[in-house]
Amino acid sequence: MGLVSWLIAIPFITALVIIALPQKQSRMIRWVAAGGCAIHLALTAVATWLFWNAAKVDVSSVKTAMLTKLYLVERLEWFSSLGIQYFVGLDGISMAMVILTSIIIFTGVLASWYVEIRTKEFFVLLLTLSTGVFGVFVSFDLFLFFMFYEVAVLPMYLLIGVWGTGPKEYSAMKLTLMLLVGSAFILVGMLAIYNASGLNTFDLQKLATVNFTSDFQKWVFPMIFVGFGVIGALYPLHTWSPDGHSSAPTAVSMLHAGVLMKLGGYGALRIAVYLLPIGATAWGLFFMILTTINIIYGAFGAITQRDLKYFTAYSSVSHCGFVLFGVAALNMMAFKGAVIQMFSHGIMTGLFFGLIGMIYGRTHTRNIHEMGGLAKRMPWFAAVFYIAGFASLGLPGLSGFVAETHVFLGGFFGNGWASITVMRVLTIIATMSIVVTAVYVLRGLGRVFYGPITNAHFEHLRDATIPERISTGILATVLVIVGLAPWFFINMIEGSLMPLINRLNETGATAALR
Amino acid sequence: MLMLPEIIVVCSAALVLLADMFLAERKRVIIAPIAAAGLASAMLALVIFVPQTGSMLGGRFVIDSVAWWFKIFFTFSGLITILLSLDLLDGRTAVRAMGIGFRGEYYSVLLATISGMMFLISARDIITLYVSLELATIPLFILAAWRRNDVRSGEAGLKYVIIGAMASAFVLYGLGLFYGITGSTTIANISSQLKNTPALWLMAAMLTAGIGFKLTIVPFHFWAADVYQGAPVPVTAYLSVASKGAGLAFMFQLFYGIGREFIADASLLIAIFAAITMTLGNTVAIVQSNIKRFMAFSAISQAGYLIMGFLSSDSGGSAAMIFYMLVYAVTNLTVFACIIWYFNQTGKETIEDYCGLSRTNPAIALAMMLGLFSLSGIPPLSGFVGKFFLFSVASKAGYHWLVAVAAVNSTISLYYYLRIVRQMYIEPADENAIKIPITPVLAITLTALTVAAVIMGIIPILYETISKQLSAQWY
């Protein structure tokens with residue numbers, strides 16, 4: 001078993017170990033979960049190092065590549081008569097996503113240190129879910145990809161239904177069903193690609209060598225993009241997100257908003273744009289319009305919220321809009337922005353939801369208007385919350401700035417297929433959301449942390465404990481590092497985005513010839 | 001040699017009856033082991049002695065790889081049904097079941113229907129085809145009415161007899177027309193002489209009704225819910241698995257045996273039937289509160305998925321269908337094993353009664369959840385892989401809309417399967433709920449079924465074998 005397989009297997013093995021532990025030993029269960037995730041983090045670091053050294057050599061050759069270059073590849077025949085393989089590997093985009101997930105799951109386990117009800121089942125489900133997520137990010141076989149995708153979605157039902165708050169059963173059911181209807185669209189598109197290719201293979205790299213007809217691409221592309229759009233909170237299919245995130249327990253919100261929503265952007269890039277470039281050029285503008293609505297709608301939605309979790313959930317809808325906006329803008333700058341935004345938003349929302357959970361555990365309210373003056377009692381939380389808030393409104397020096405700048409520049413540059421005027425108008429409208437974001441973030445945080453202490457009960461609250469400090473500290477540090485030194489990150493993903501651009505340009509050339 | 005498994009099954013049916021006649025009541029416990037051993041040895045004989053190709057009786061009894069796999073399926077589901085019936089018929093239940101008994105007759109009737117199904121897939125002559133179909137069906141009427149003091153069971157039996165007889169009449173008339181047109185009773189002759197005439201479409205309509213009845217294809221499904229609810233639970237399990245398999249076997253004979261030339265013409269119809277069957281089955285299942293009725297509608301929708309295998313004209317469709325049939329047998333029987341266990345121990349059969357099961361019996365709740373998830377097609381369980389292959393068949397045939405309908409239906413089905421999961425996992429248990437015991441036989445059966453339901457989706461060997469064997473000798 002190679003390194004990449006271990007990246008998938010470690011959370012699952014940890015879950016199996018936890019199943020074997022007795023229910024009463026909740027302390028030991030927590031330590032095992034944290035230990036498994038720490039090992040995973042270490043392995044991810046090793047993988048990053050190996051990836052980096054290998055990718056460094058290929059910098060010049062990927063510039064003209066049509067296929068994304070994979071590292072640490074593992075292949076195994078599976079259902080060979082149907083061309084299904086166990087085919088995993090890493091390219092720049094998956095590497096970035098694996099790093100993100102590994103950080104989020106580790107901090108998520110620390111953030112759920114105080115889950116006391118049915119601890120064992122909670123961690124088993126949480127780790128199963130992250131197995132699915134890691135699987136999606138490293139799979140380069142469509143069947144495997146889809147399988148892991150469904151594994152990642154389903155444990156959510158129980159995690160929200162059992163450990164959630166508020167209208168948890170409704171939210172859990174809504175979330176699960178909407179995401180699975182989305183995956184039904186993906187399935188239709190995927191099987192159509194498989195059968196139309198005539199290669200009898202689900203191997204993504206082989207399918208990428210096929211030139212699908214223009215008509216075919218034009219109907220399959222929206223199927224797959226919308227399918228992934230559901231989990232990426234594409235307007236108007238985002239409605240599961242506010243309900244789901246606000247009902248979910250802390251670690252689940254972190255993992256869901258931080259990582260699962262990124263499956264949407266990742267899948268749209270990896271499958272829809274990669275395999276169907278003509279479809280992408282035909283539909284790019286349409287999806288840019290939808291995602292612009294996403295960005296603005298999410299931002300205005302967040303302004304009106306009183307519940308901190310709804311507030312963050314709407315802001316997530318807006319920020320995930322940037323990801324899909326970048327994907328739909330179809331140029332290098334925008335793609336880079338989309339991937340950085342996936343990473344940056346993952347960390348940032350993870351931090352947001354983690355903090356909200358921790359504060360809620362103390363104040364027992366999430367209503368912004370009932371809070372006030374918390375900074376006096378909880379300076380650590382206030383400081384970290386502000387870092388996340390500033391990243392969210394795109395303050396230079398934090399990762400959000402890098403991501404949003406790339407996306408907006410990309411949108412403004414335009415591409416060869418859509419009207420540049422329309423793209424610029426849309427970009428300008430989307431840019432306005434930054435102002436709105438600043439309004440709601442600053443106003444919300446000001447209410448919660450400054451002013452007089454509104455409730456006598458708040459006087460006795462304690463600041464963060466050690467696990468909470470570690471978990472929020474890691475996330476805040478990552479935000480700062482990516483904000484100050486983004487080139488490391490950009491170099492990592494650039495080589496894997498080149499093939500996407502080359503493929504798009506090729507179709508542009510053939511379109512011009514016709 | 002070719003007919004050895006069938007002979008073993010028929011002989012053990014007779015042996016069971018004789019044993020029942022000569023043994024004292026106290027010693028009749030050995031009847032079930034005899035029946036189980038009979039089926040197990042039939043399965044063994046199938047694996048060891050029966051080749052994948054061969055014919056006897058002048059080509060009227062034929063073994064090919066499709067028939068071979070169907071026979072594996074029938075003997076397997078029969079064997080599991082016997083294991084699941086043991087507790088109920090031997091009276092090892094916490095709640096005394098009314099009017100259950102007569103073990104010898106029960107097992108011999110059960111073995112008779114299995115032998116009928118085994119003949120059905122091998123028959124190459126429309127007369128033997130019809131006789132074996134009746135042999136497979138008539139004992140089921142008796143089984144459905146087995147709880148003789150129970151009004152519902154009687155109603156189930158009566159309803160099943162009347163509608164079943166009507167369906168048989170349709171089938172008989174359809175088959176009769178074949179003879180009228182071609183003057184021959186062997187499938188090979190009929191197939192070569194069949195022309196596209198109005199009479200052909202009349203026959204097709206007749207046979208569609210007949211098959212639709214057996215397979216519970218909408219709109220011929222209406223008997224299923226009442227019969228499934230009234231019949232004793234192990235019989236319901238058997239009906240939902242083996243009886244569907246018999247319907248598929250019969251459909252297979254007609255499609256690839258007789259109507260080979262007309263497969264392409266029928267594919268749109270098949271797609272429409274599949275779509276309405278799964279949609280109706282799924283939407284009606286949402287509102288059911290009795291778990292047996294619930295499983296009846298779930299089984300109806302599964303029939304919709306299964307017939308998607310007929311959309312293909314090459315061996316891929318049948319390979320996917322046979323694989324899913326085996327997967328469906330394993331997973332559906334997993335769920336039924338849990339239902340039977342719960343009914344035996346508590347006498348309850350509504351969905352609300354399952355609340356808090358994950359607290360009192362976590363292992364069984366887990367098995368049931370895995371079974372339900374597998375039925376709805378959640379990876380990495382076998383149901384996911386099975387459905388995926390069937391969907392791929394539909395996609396290959398160009399029915400992309402059907403893939404969409406089927407995939408959305410899987411989501412709907414997840415909605416109602418999650419209702420049970422919710423009862424077991426989210427709803428709190430009664431305060432004085434205690435761990436419910438399970439008998440060793442049932443525990444072993446359930447464990448084996450659950451493990452099979454999980455690994456069939458991960459280990460490719462079963463599907464690969466079926467696929468290779470079918471494509472090697474496709475028509």
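Q: Does α12(A) pass α18(A) in a left-handed or a right-handed crossing?
A: A crossing is left-handed if the near helix is turned anticlockwise from the far one by less than a right angle, and right-handed if clockwise. In this structure α12(A) passes α18(A) in a left-handed crossing. The model is predicted: local features need pLDDT of at least 70 and side-chain atom pairs count only at pLDDT 80 or more, while totals for chains, interfaces and linings use all residues. Residues are numbered from 1 along each chain as its sequence is written, and chains are lettered from A and ligands numbered from 1 in the order in which they are written.

Q: What angle and what axis distance describe the packing of α12(A) and α18(A)?
A: Two packed helices are described by the angle between their axes and by the distance between the axes. Helices (H or I, at least four residues) and strands (E, at least two) are DSSP runs, numbered from the N terminus. Axes are lines fitted to C-alpha atoms, for helices over the stretch in contact, with angles from 0 to 180 degrees between N-to-C directions. Helix α12 of chain A spans residues 277-303 and helix α18 of chain A spans residues 420-449; their axes are 9 Å apart, at an angle of about 15°. That makes α12(A) roughly parallel to α18(A) (under 35 degrees is roughly parallel, over 145 roughly antiparallel, 65 to 115 roughly perpendicular and the rest oblique).

Q: Which residues of α12(A) and α18(A) meet?
A: Two residues are in contact if their C-beta atoms, placed from the backbone, lie within 7 Å. From α12(A) the residues include Leu285(A), Met288(A), Ile289(A) and Phe300(A), and from α18(A) they include Val422(A), Met423(A), Leu426(A) and Tyr440(A). By class, the contact of α12(A) with α18(A) has 17 nonpolar, three polar and no charged residues (Ala, Val, Leu, Ile, Met, Phe, Trp, Tyr, Cys and Pro count as nonpolar, Asp, Glu, Lys and Arg as charged, and the others, Gly among them, as polar).

Q: At what angle do α2(B) and α3(B) cross?
A: Helix α2 (residues 31-48) and helix α3 (residues 65-89) of chain B cross at roughly 165°, and their axes come within 9 Å. α2(B) and α3(B) are therefore roughly antiparallel to each other. The crossing of α2(B) past α3(B) is left-handed. Among the contact residues are Ala32(B), Leu39(B) and Met43(B) of α2(B), along with Trp68(B), Phe76(B) and Leu83(B) of α3(B). The contact of α2(B) with α3(B) divides into 16 nonpolar, two polar and one charged residues.

Q: How many residues of chain A are in contact with chain B?
A: In chain A, 25 residues are in contact with 26 residues of chain B. On the chain A side, α5 (142-153), α6 (155-163) and α7 (168-197) each supply at least two residues. α7(A) gives the most, with twelve residues. The side of chain A that touches chain B has 19 nonpolar, four polar and two charged residues.

Q: How many helices and strands does chain B have, taken by itself?
A: Chain B has 19 helices and two strands. Its radius of gyration is 21 Å, close to the 23 Å that the globule rule gives for 475 residues, so chain B is as compact as a globular protein of that length. The radius is taken over C-alpha atoms, and the rule is 2.2 Å times the number of residues to the power 0.38. Along the principal axes, the C-alpha atoms of chain B fill a box of roughly 70 × 55 × 40 Å. Of the contacts in chain B between residues at least 6 apart in sequence, 80% join residues at least 24 apart. Buried residues make up 60% of the 475 residues in chain B (buried is 20 or more other C-beta atoms within 10 Å of a residue's own, exposed 12 or fewer, partly exposed in between, with C-beta atoms placed from the backbone).

Q: Where is the cis peptide bond of Pro236(A) placed?
A: The bond from Tyr235(A) to Pro236(A) is cis, with omega near 0°. Pro236(A) is found in the loop between α9 (214-231) and α10 (240-247) of chain A. In chain B, a cis peptide bond joins Pro379(B) and Pro380(B), with omega about 0°. Pro380(B) is in the loop between α15 (362-376) and α16 (382-396) of chain B.

Q: Is Thr216(B), a residue with positive phi, buried or exposed?
A: Thr216(B) is not a glycine, yet has a positive phi of about 55°. It lies in the loop between α8 (198-215) and α9 (223-230) of chain B. With 29 C-beta neighbours inside 10 Å, Thr216(B) counts as buried. Leu72(A), also not a glycine, has phi near 55° and is found in strand β1 (residues 71-77) of chain A. Leu72(A) is partly exposed, with 19 other C-beta atoms within 10 Å.
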